[in-house]
Amino acid sequence: MIKVGDTLPAATLMEYSEVEGNGCSIGPNPVDVSKAVAGKTIAIFGLPGAYTPTCSAKHVPGYVEKFNELKAAGVDEIWCVSVNDAFVMGAWARDQKTEGKVRMLADGSADFAKATGLTLDLTARGMGLRSNRYSMLVKNGKVATLNIEGPGKFEVSGADTLLAQAKA
């Protein structure tokens, strides 16, 4: 499992774009994790799935709400990573009003979750292999802080915790 001090694994996430711009076409576009984090401070939070109760009611809204404070604390970008396809993440982004605040990145085959060791097996609940709920502060590709939730919990991976760590 990834830990503080480790470099994020090489992986490609997918991001759904509503409009063309900055070299991105409409529809799913690849995001090379290694290139996207280079020279930046990124707040990343992972969660089990789009439209799920805690994720939709607490996790994503918290980061949208704390966007300005996280930016003021030196965070360049906020990423939400989930084991869903880019089309679902795009629809969820519209629903959660994340545009310009939180990048909703799809880890459709759980490659990033597997590479970080942050997987959650929800096969018994009909959801297959998912991402565990976590947050991390990444500076120039290296994990500076890591907060992993216990099963069924939402106590340490919210925006307030990561904001306090970004300010520290």
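Predicted model: local features only at pLDDT ≥ 70, side-chain atom pairs only at ≥ 80, totals over all residues.
By accessible surface I mean the area that the Shrake-Rupley method gives with a 1.4 Å probe. For this protein chain that area comes to about 8000 Å², and 51% of it belongs to carbon and sulfur atoms.

Okay, the overall picture. We've got 6 helices and 9 strands in the chain. The radius of gyration is 14 Å, close to the 15 Å from the globule rule for 168 residues, so the chain is as compact as a globular protein of that length. Of the 168 residues, 49% count as buried. And take the contacts between residues at least 6 apart in sequence: 64% of those join residues at least 24 apart.

Now the sheet. In what order do the 7 strands of the open sheet run? Reading across, you go S2-S1-S5-S4-S3-S8-S9, and the pairing is mixed.

Let's start from the S2 end. S1, residues 12–17, pairs with S2, residues 27–32, in the antiparallel sense over 6 bridges. If you want a landmark there, Met14 stands opposite Pro30 in S2. S1 also pairs with S5, residues 102–106, again antiparallel, over 2 bridges, and there Glu15 has Leu105 as its bridge partner. Which residues of S1 make up the covered face, and which the uncovered one? Leu13, Glu15 and Ser17 are on the covered face, while Thr12, Met14 and Tyr16 are on the uncovered one.

Stay in S2 for a second, and click on Val31, which is found in that strand. Is Val31 buried or exposed? Its relative accessibility is 5%, and the cut-off for buried is under 20%, so Val31 counts as buried. Leaving out residues up to four places away in sequence, Val31 touches Ala11, Thr12, Leu13, Glu15, Ala36, Arg103 and Leu105. Leu105, remember, is the S5 bridge partner of Glu15. Val31 and Met14 are 17 residues apart along the chain, with their C-alpha atoms separated by 5.7 Å.

Moving along the sheet, S3 and S8 pair in the antiparallel sense over 6 bridges. To find your way there, look for Ala43, whose bridge partner in S8 is Leu137.

That brings me to helix H6, residues 159–167, where Ala159, Leu162, Leu163 and Ala166 are buried. Those residues cover an arc of only 105° around the axis, which puts them on the same side of H6. So what covers the buried residues of H6? The list includes strand S3 (41–47), strand S8 (134–139) and strand S9 (142–148), plus helices H2 (53–65) and H3 (67–72).

Last stop, the hairpin of S6 and S7. S6, residues 119–122, and S7, residues 128–131, pair in the antiparallel sense over 4 bridges, with Leu122 opposite Gly128. There are 5 residues between the two strands, and in this hairpin Gly126 takes a positive phi near 80°.

That's my tour. Thanks, everyone.

Definitions and conventions:
Residues numbered from 1 in each chain as written. Heavy atoms only, no water. Buried < 20%, exposed > 50% of the residue type's maximum accessible area, 1.4 Å probe, protein only. Pairing = 2+ DSSP bridges. Contact = heavy atoms within 4.5 Å. Arc of directions from axis to C-beta. Rg over C-alpha atoms; globule rule 2.2 N^0.38 Å.
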